[in-house]
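Hi,

Here is the structure I promised to pass on.

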Amino acid sequence: MQLRNIARDFTRENRSTRAIDDVSLEVEEGEFVAIVGPSGCGKSTLLRILQGLIPPSAGQVLYRKVPQAGVNGDMAMVFQGFALLPWLSVRDNVALGLVARGPSALDIDRTVSFYMVKVGLEGYEEAYPRELSGGMKQRVGLARALAIEPRILLMDEPFSNLDALTSVTLRDEVLMLWKDPEMPVRTIVMVTHIIEEAILMADRVVVLSRRPTRVVREIPVDLPRPRNRKHPDFERLSDEIFSLIS
């Protein structure tokens, strides 16, 4: 998939401001790409343009070399703020995207059960979001995204509302799911403001500038997994990315 010369303008009080300017990015199938940049630079906006949730003001989004218009059904999003419906049980929240696609009740039940097991939600089927910790809520969001069986998973700062230990656990589990041959997801694009998180998880880190947002540099992460924060190359990459952002 590609972003080709993407721009995005926002209008307020009859005044137009360019938030994203001439951003081009290519993501290969099977890659894990992390996008980092200063707060408010448009990382999340770029992710929504990629999925087709909002249109670019200029440029093209291409998927398998075909220009896209509207929401891409081969992509699913995991949100920072969980985005669960409080009046629905865990099972019904996970099933939400599937119900909209119209399969049989039996197929929905089978698929939901499969992905709830995959993300460690067994026994929580009838619980409600108010009864869950932040980590469990994000597992529900992850299961809901996976249940529609996307080829590409988009993650918008998925661990930023979690405590440090839960974040470590979920990062590891996402990497395991990405490599799981039973999973349809082959490609992940993640927005994060945590440099270490990007280096720990991604094959490549895309560094964005302040507004108007442009790509400053794309940095390959050629470190074996699992990655060691204390490795000299890890620290070198962290310092390089920090200097580009600051």
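**What I found**

Helix 1 (residues 43–51) lies across strand 1 (2–12), strand 2 and strand 4, and runs at about 120° to strand 1. Helices here are DSSP runs of H or I with at least four residues, strands are runs of E with at least two, and both are numbered from the N terminus. The angle is taken between N-to-C directions, from 0 to 180 degrees, using lines fitted to C-alpha atoms, for helices over the stretch in contact; contact means heavy atoms within 4.5 Å.

Before going on, please keep in mind that this is a predicted model: local features need pLDDT of at least 70, side-chain atom pairs count only at pLDDT 80 or more, and totals for chains, interfaces and linings use all residues. Residues are numbered from 1 along each chain as its sequence is written, and side-chain values use heavy atoms, with hydrogens and water left out.

Back to helix 1: seven of its nine residues are buried, so the helix is largely enclosed by the rest of the structure. Buried means under 20% relative accessible area, exposed over 50%, and partly exposed in between (1.4 Å probe, protein chains only). Among the buried ones are Leu46, Leu47, Ile49 and Leu50. Glycine 52 follows helix 1 and has a positive phi, near 95°.

Four strands make up an open, antiparallel sheet in the order 2-1-4-5. Strand 2 (15–26) and strand 5 (66–67) are at its edges, each pairing on one side only. Pairing requires at least two DSSP bridges between two strands. Strand 4 (residues 58–63) and strand 5 are joined in the antiparallel sense over two bridges, and leucine 62 has proline 67 of strand 5 as its bridge partner.

Helix 7 (residues 232–245) is worth a look too. Its buried residues are Phe234, Leu237, Ser238, Ile241 and Ile245. Viewed down the axis of helix 7, they fall within an arc of 100° (by the directions from the helix axis to the C-beta atoms), so they line one face. Pro232 and Asp239 are exposed on the face turned away from that buried side. The cover over the buried residues of helix 7 includes strand 3 (32–36), helix 6 (195–201), strand 9 (204–208) and strand 10 (215–220).

Lastly, tryptophan 87 sits in the loop between strand 6 (75–78) and helix 2 (90–101). Tryptophan 87 counts as exposed, at 61% relative accessibility.
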